Amino acid sequence: MMKLPAIFAALVLLGNTPAFAGERTAIQQFQQDALEATQTWTESVQEVLINALSLTGIKYSYGGKSPETGFDCSGFVRYVFQQSTSMTLPHGAKAISQLGQPVPQEQLQPGDLVFFNTLKSAFSHVGIYLGDHKFIHAPSSGGGVQVVDMTDNYWSKRFNGARRMESNH
């Protein structure tokens with residue numbers, strides 16, 4: 001899959017050749033639309049992170065999906081993404097793990113979803129990556145929504161993968 005900077009570079013080169021001079025307006029419009037979509041998503045990621053961090057300490061509740069009732073891991077992620085991006089994610093870490101694009105661990109970016117095997121089942125736990133090997137989640141023990149380090153022995157052994165959710169609006 002081609003990354004946006006590579007697409008921009010190709011379009012700039014095409015737009016500067018005489019054969020494509022008449023296409024310059026369409027190319028410039030595409031570039032502007034792509035840039036605006038990227039900026040909108042960047043702002044959405046910032047909202048995701050701010051919203052997630054504002055919920056630190058909210059108690060764990062199996063099946064919980066709001067600050068009032070408490071959260072389980074997927075309820076927390078669903079709530080944050082719905083509030084911040086208007087995305088409606090399914091309930092359940094396994095179901096959420098089927099969405100978005102896979103991301104190698106070394107390419108994680110803030111806002112990516114990280115998945116772990118915590119119940120002897122792949123993709124049984126989900127959190128939101130914050131950067132610097134940290135993620136925020138609603139653990140079933142430990143006092144509620146919290147930030148933890150993915151390099152901690154417990155989490156590093158259980159990492160299953162990551163997904164990047166990108167808005168289409």
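I start with a definition: buried means under 20% relative accessible area, exposed means over 50%, and partly exposed is in between, with a 1.4 Å probe and protein chains only. This is a predicted model, where local features need pLDDT of at least 70, side-chain atom pairs count only at pLDDT 80 or more, and totals for chains, interfaces and linings use all residues. Residues are numbered from 1 along each chain as its sequence is written, and side-chain values use heavy atoms, with hydrogens and water left out.

Salt bridges, then. The term stands for a side-chain nitrogen of Lys or Arg within 4 Å of a carboxyl oxygen of Asp or Glu. In general, side chains of opposite charge can pair when their charged atoms come close. How many salt bridges does this rule give? The count is two.

One joins Lys 134 and Asp 149, with the closest N and O atoms 3.4 Å apart. Lys 134 sits in strand β6 (residues 134-137) and Asp 149 in strand β7 (residues 146-149), so the pair links distant parts of the chain, 15 residues apart. Strands here are DSSP runs of E with at least two residues, helices are runs of H or I with at least four, and both are numbered from the N terminus. Asp 149 is buried, because its relative accessible area is 19%. Lys 134, at 29%, counts as partly exposed.

The other salt bridge is between the side chains of Asp 112 and Arg 164, at 2.7 Å, N to O. Asp 112 is in the loop between β3 (101-102) and β4 (113-116), and Arg 164 is in strand β8 (residues 159-164), so the pair ties together parts 52 residues apart in sequence. Asp 112 is buried at 2% relative accessible area, and Arg 164 is buried at 15%.

Now helix α3, residues 73-85, which holds Thr 85. Its 13 residues, at 1.5 Å a residue, should span 18 Å, and the end C-alpha atoms are 18 Å apart, which agrees. The expected span is 1.5 Å times one less than the number of residues. Buried residues of α3 include Phe 76, Val 77, Val 80 and Phe 81.

Is Thr 85 buried or exposed? Thr 85 counts as buried, because its relative accessibility is 9%. The side chain of Thr 85 reaches the backbone oxygen of Phe 81 at 2.7 Å. A polar atom of that side chain also lies 3.1 Å from the backbone nitrogen of Met 87. After α3 comes Ser 86, with a positive phi near 65 degrees.

Conventions: A polar contact is a pair of N or O atoms within 3.5 Å; within protein, one must be able to donate a hydrogen and the other to accept it, and residues adjacent in sequence count only if both atoms are side-chain atoms.
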